[in-house]
Structures are given as C-alpha cells and as structure tokens.
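This briefing is meant for a reader who is opening the model for the first time. Please keep the sequence and the structure in view while reading the points that follow.

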Amino acid sequence: MQEIVEPVPGLTVAAAPGCVPRLLRMSGGDEDLAAYREAGGYRRLHSADAVLAEVRRSGLLGRGGAAFPIAVKLAGVRDAGLRGRETVVVANGEEGEPASIKDKWLMRHRPHLVLDGLRLAAGIVGARRAYVYVSDPASARRVDAALTELDRAGIAEIAVELVTVDPAYVAGEETAAIRAINGGPAKPSDKPPRPFQQGVDGLPTMVGNVETLAHLPFVQRHGGAAFRSVGTAHSPGTFLATVTGAGRPPALYELPHGTRFADLLALHGVAPDQVRGAMTGGYFAGMVDRSVLTATLDHESLRALGSGLGCGAISLITAECPVAVAAAVLSYFDRENAGQCGSCFNGTAAMAAAATALRDGTATAADVDRLRRWSVVLRGRGACATLDGAANATATLLARFTAEVTAHLEGRCPTCARGVHPAERPFGVEAASAS
C-alpha cells in the first residue's frame, strides 16, 4: 500500500494495493505549478472534439453523488456554444456531505489538477469564463494561490473566479451553486431549468464536481481506453473513498471501482465480524446491513443492495445502533434543509422526531407505520434531494434493520439504553483533518 500520512494527525491518505493512483499524489506535500507541469500538466488542448470523444469513451461518471456521465453534460453545453451562445463552467467544490473529505483534499493538495480539469472542460464547451465554488477556507486559499501562480506564469486561457459560501448540506446542490454565483443564497432552486439550459447569468453552464474534473487531465493524456483499464464496465476508473467509523481515524483511499468491500475493510484494518452495516455514498443513500460484506464498490453492485456509491463516502456501522444512526442522520437533515419547501421542512422534522422517539424507546408501532408511509409518499418533493435522503435513511432502516427496530419498540436495545448515541453529524470528517 502506498501511503501518505497527513501533517494533521488523524487522516491517512493511501492508494489501494496494486492501484496506480491517478488523483492522489504519493510523494507528499502540496503540489505547486512547477511540480504539476513537470508531471505533464496543462497540456495544450489541440482538439476539443477529440478530447470530448475520449471522455465519452472513458465512461467517466460524476463523482459528486449522482454518477451522471460527464460527457453528456459537456456535450449539451458544447452544443449550445456551437449555436453561438456564451457558455460557462463551474468546479463545484462545496463538499457539503459531512462524511466526505475528498474534494477538500484535492483542492488543498492538488489545486492545479482541479484547475487543469476545469480548463479542459472550458475548452471542450467553448467557455471563456469559469468559477471555482467552495466553502472550505483552506481550500479557497490554496486554489487562489494556484490561480496566482498561473497568472504569473502567463497561463491564463480562461478567466477563473473564486466564489466562496458558508458551508451547508444543500449548498453543494448544483442549482444552489448557480444561485450563489449569481448573487443569491446558496440554496437549491426549482428545476427546470437545469444549469446546462440556464445557469450563470442565464447562460448554458456545465457544473462539474471537483473530483470529476480532476479525472479529465488523465483522459486527455492517456485516452478513454486507458481510463477504463481499471474499474468495471459500468463504473470505470478509480475513485476516492472517504472511510469513517469502526473507532478508527478517517482515511481517504483511491480505489478501482469494483474493489471488494471486504478488501476495503482489510485495507482499513477492520475485521468483518465487527461490521453491523454501513452508510455508503454519504448520508443520502441510507444504510445497508451486513449484506454489504459481499458487495463490490461500484454503482451497479450497491444499487442492487438498494444503496449507492454516491460521493464515495463509506461509514462503517460497528458498535453504533443503526436506529440511533438513522435518528442522527434524520435530525441532521431536519437542521440542514433549506427551509424553502413546506414538504421538506415539515417532512424532515416529522421523520426526525419519530426516529428520535424510536431511538429513545418512546415510539409506538403506529409511529413506525407513519415512518414507513412517509418514506414512500414524501419522495420527489421539494426543490432538491434532501427529502429524498431522509426518505432513504428511513426506508433502509425499516427494511434492513427490522430486529433493531423491534428491539427499540420493546425497549430492549442495550446500546441506546446506555445513552450511547452518534454525534450530531455521525461519521462527520472535520475539514481541519485535511489541512
């Protein structure tokens, strides 16, 4: 295993055994412009069409959570540019998911890799303007310093503006990014229009997650076939996984898609018999029980379990009670919803209250029935996916951890009887860990 031990104690960064890292820089230290260019960065974009073709061939999926093919986004905005419209690109680094640290790490340690990906995206869609959207102050400082390096070196193919906002779970949603860049609040807006139709200043805008964009220089340099040389047919390439839980410090691993969950446990030093389940893909996808032990880390395998890989955040549930974990996640969604849509504002509050009562042994079977109904009827409502995340947390708790739910109804959960509950942001990784 190739490994970097971060200067701040607690966060270990490593590539899986046999994985040649594409995103992590194994030599240690922050990468400046000279080091990035020496490694082959900022290559001239000779043909936007050729690079877009390689991105299509690569099958690169978005790493922000939705796993949407980046080539489709690029092509849609490029088509608008070819019809004579001005276009814009945005690097979305507002990593609102508490259990994820990957985007902050990339911006803090490899800002030029991110900016090179943003440059390539701009070249493909014909944009002359670009934005880096971020809430982490340390990330903003590193990106700003990298932009200064580019200016001094005369490498300024596009005008890049840094936009900072206060951190919030909903602030990372792409329409929230557009609203903030346009001078409004960092809160989601109704769709349509989507940003590729009408984004920054009403122009067609390609919004790409920081990690997604960071893969583009590899595709430009080596081609789509090389990108697909690791991973699976439907989940090609490598990805960054933030792993938390099991009483161990958090870690950031670069893994090929298709890595066995059991191999990740071994890499993280956790015995399978310790694991009661996991949250995969951050808070949004909900929870999986011990069936996750047989899974592989790719979109198709985790979807088959009723979960998802999402942003690559994997939180191991070991000593924690799954009911308490779900209650904490739902309370987080209740606090963090945008407060714009009544269905979300009231729905997250109701689910959080019922799950907390269940955790505390004061819920009834009728409360559980209401939770089950809400997890179905509240889906798809509101301007963003926060309510869907709450519905996922509720549905997976009730479907995957029936014994634990029954134990709580009967007042016999030994863990929760001792008042052992997760924090307000269960499995959250503090940004300071990546400084």
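This is a predicted model: local features need pLDDT of at least 70, side-chain atom pairs count only at pLDDT 80 or more; totals for chains, interfaces and linings use all residues.

**Sheet pairings and helix packing**

Residues are numbered from 1 along each chain as its sequence is written, and side-chain values use heavy atoms, with hydrogens and water left out.

**The open sheet**

- Strand S3 (residues 88–92) and S6 run parallel and are joined by 5 bridges; two strands pair if DSSP finds at least two bridges between them.
- The open sheet has 4 strands in the order S5-S4-S3-S6, with parallel pairing.
- Strand S5 (159–164) and strand S6 (205–209) stand at the edges with a single partner strand each, so one side of each has no neighbour in the sheet.
- From one strand to the next, the twist averages 20 degrees.

**Helices on the open sheet**

- Helix H3 (residues 70–82) lies across S3 and S6 and runs at about 160 degrees to S6, where angles run from 0 to 180 degrees between N-to-C directions and axes are lines fitted to C-alpha atoms, for helices over the stretch in contact.
- Helix H7 (residues 174–181) packs on the sheet and touches S3, strand S4 (129–134), S5 and S6, contact meaning heavy atoms within 4.5 Å.
- The direction of H7 makes about 110 degrees with that of S4.

**Strands S2, S7 and S8**

- Strand S2 (residues 12–15) runs parallel to strand S8 (residues 248–256), and 4 bridges join them; Ala-14 stands opposite Tyr-253 in S8.
- Strand S7 (residues 238–245) runs antiparallel to S8, and 7 bridges join the two, with Arg-248 in S8 as the bridge partner of Gly-245.
- The hairpin of S7 and S8 has 2 residues between the strands, and Ala-246 there takes a positive phi near 60 degrees.

**The helix pair H13 and H16**

- Helix H13 (residues 322–336) and helix H16 (residues 386–400) pack at an angle of about 170 degrees, and their axes are 10 Å apart.
- H13 and H16 are therefore roughly antiparallel to each other, a description given to angles over 145 degrees.
- Residues of H13 including Val-329, Leu-330 and Phe-333 meet residues of H16, among them Ala-393, Thr-394 and Leu-397.

Notes:
Angles under 35 degrees count as roughly parallel, over 145 as roughly antiparallel, 65 to 115 as roughly perpendicular and the rest as oblique.
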